[in-house]
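Visitor: I am new to structure models. Please show me how to read this one, feature by feature.

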Amino acid sequence: MQLSKIGFFTLIIHRDFPLERVSRVRVKLYPSGKIYLVFLVVEPEAQKEQPREPRKAVDVDLGIGRLATLSDGGILGNPRPLERSLERIRVLQRNLSRKRFLSKNWLKAKRKLAKEHEYLKDFRRDLFFKLGALLAQEYDVLVLEDLDVQGLIQRGEAKRRMRLYDSSFSEIRRILEWEFRKRGRVVLAVPAFNSSRECFLCGEINRGLTLEDRVFHCPHCGFTLDRDLNASLVLLKRAGWVPPFQCACL
Amino acid sequence: MGARAYKFRAYCSKSTARVLETQLKTVCKLYNKLLHAEEEEYRNTKHTMGENELRQLALDLRKRNPESGAALAGCPAGRRKALPGTETLPRWFGEQAKEKEAPQIPLPGVPSEWLEAFKYQGGRAVRKQRRRLVCN
């Protein structure tokens, strides 16, 4: 492909798209030096998937230990990409700070560091998109907790704050919403207040529950369940959905 | 009408990448300058600027500060269209570049050799000369 006044670019077209309907082409240059071309294609309304009658609902409870706990009992562990590659990033950052500013080696080190950060970003997005596609294929309604992520981060300690940033709740929520809406499914956001402390069975609040308690035990009715699973079921209940009896928890 | 974006990785030669990088940086710098001026204008007059006014502002900026003109002196016409309100500028910039050498653009974070590669060298004429060299 040739862009006037810039030059020739080689593209690997891994997906077919209607060239005649391209309305805009955008060139993106990332700090790692990678170049991307984005073609914006105008789609007619008929191509969109029609919404169908909602039958199955799922709730996604977000957390640090487990990134997502589904109301059907499914669990997605938190890969903690930033924490895992923090040592490498530290080394790269140190290398960069020891180079002479704006020298060739400084630029090389900067590019290396940018590449590492870009890898983390891509890893996260890829994981979220895969989760979103998997859920959107199976379920018709997605229930999400309406978290105040910024508030959580501001309240947390340094280590917890980093993990919250690493988990990127807002990003996962945005991607899941997009995946569902693209397929014409319904997305509901319910308030997350006391969702972990509320008993799914009797609706009472367990005030003594702390972050260290990973199993929820209701002092009123004696109901015991995994903390995250209980929270996801409570959220589903708040959304007005009655889970089926063959649910994994019962 | 909906829209869908298709994103593909592009590969190019080092020189093309350099040109792209410098072009993006220059456009970014000029855009920021205009934005800053627009904000300043709003702070003073409490009035949001339209497209025509923005165009006029670009011309005023050029008169007030030769650097802002120099920011576009070396860039080809196609790039100038990327900025709203700068369509009227290309002729002047082209002429200036031919007459005298454009002053160095103080771009933080850009090595001098990149700027050297980015200097306006007469566009087509240079390319023709290169072709001749290859033929000989």
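Guide: Start with a definition: buried means under 20% relative accessible area, exposed means over 50%, and partly exposed is in between, with a 1.4 Å probe and protein chains only. By that scale Leu102(A), at 31% relative accessibility, counts as partly exposed. This is a predicted model, in which local features need pLDDT of at least 70 and side-chain atom pairs count only at pLDDT 80 or more, while totals for chains, interfaces and linings use all residues. Residues are numbered from 1 along each chain as its sequence is written, chains are lettered from A and ligands numbered from 1 in the order in which they are written, and side-chain values use heavy atoms, with hydrogens and water left out.

Visitor: What is the mean pLDDT of chain A?

Guide: pLDDT is the predictor's confidence in each residue, from 0 to 100. For chain A the mean is 87, and 94% of its residues reach 70 or more. Now the elements: helices (H or I, at least four residues) and strands (E, at least two) are DSSP runs, numbered from the N terminus. Among the elements of chain A, helix α2 (residues 86–97) has the highest mean pLDDT, 96. Strand β11 (residues 215–217) of chain A has the lowest, 84.

Visitor: How many helices and strands are there in chain B?

Guide: Chain B has 7 helices and 1 strand. From the N terminus on, its elements run β-α-α-α-α-α-α-α. Chain B has 136 residues, and 35% of them count as buried.

Visitor: Is Gly7(A) buried or exposed?

Guide: Gly7(A) is buried, because its relative accessible area is 15%. Gly7(A) belongs to strand β2 (residues 7–8) of chain A.

Visitor: Which residue forms a salt bridge with Arg173(A)?

Guide: Glu177(A) does, with the closest N and O atoms 3.2 Å apart. Arg173(A) and Glu177(A) are separated by about one helical turn, because they are 4 residues apart in helix α6 of chain A. Glu177(A) also meets Arg181(A) in a salt bridge (3.6 Å, N to O). Glu177(A) and Arg181(A) are again 4 residues apart in helix α6 of chain A. Glu177(A) has 19% relative accessibility, so it counts as buried. Arg181(A), at 49%, counts as partly exposed.

Visitor: Which residues are linked in a network of salt bridges?

Guide: Arg66(A), Arg214(A), Asp226(A) and Asp228(A) are linked in one.

Visitor: Which residues gather in a patch of positive charge?

Guide: Patches are made of residues with over 30% relative accessible area and no salt bridge: like charges are joined within 9 Å, nonpolar side chains (Val, Leu, Ile, Met, Phe, Trp, Tyr) within 5 Å. Accessible areas come from the Shrake-Rupley method with a 1.4 Å probe, and for residues only the protein chains shown count as cover. Lys and Arg count as positive, Asp and Glu as negative; His and the chain ends are not counted. The place of a charge is NZ of Lys, CZ of Arg, CG of Asp or CD of Glu. The positive patch on the surface includes Arg94(A), Arg98(A), Lys99(A) and Lys110(A). Helix α3 (residues 104–138) of chain A gives the most to this patch, with 6 residues. Lys110(A) is in that helix, α3 of chain A. Lys110(A) is partly exposed, at 41% relative accessibility.

Visitor: Which residues gather in a patch of negative charge?

Guide: Glu40(B), Glu41(B), Glu53(B) and Asp60(B) do, on the surface. Helices α1 (14–45) and α2 (51–64) of chain B each supply at least two residues of the negative patch. Glu53(B) lies in α2 of chain B.

How values were computed. Salt bridge = Lys/Arg side-chain N within 4 Å of Asp/Glu carboxyl O.
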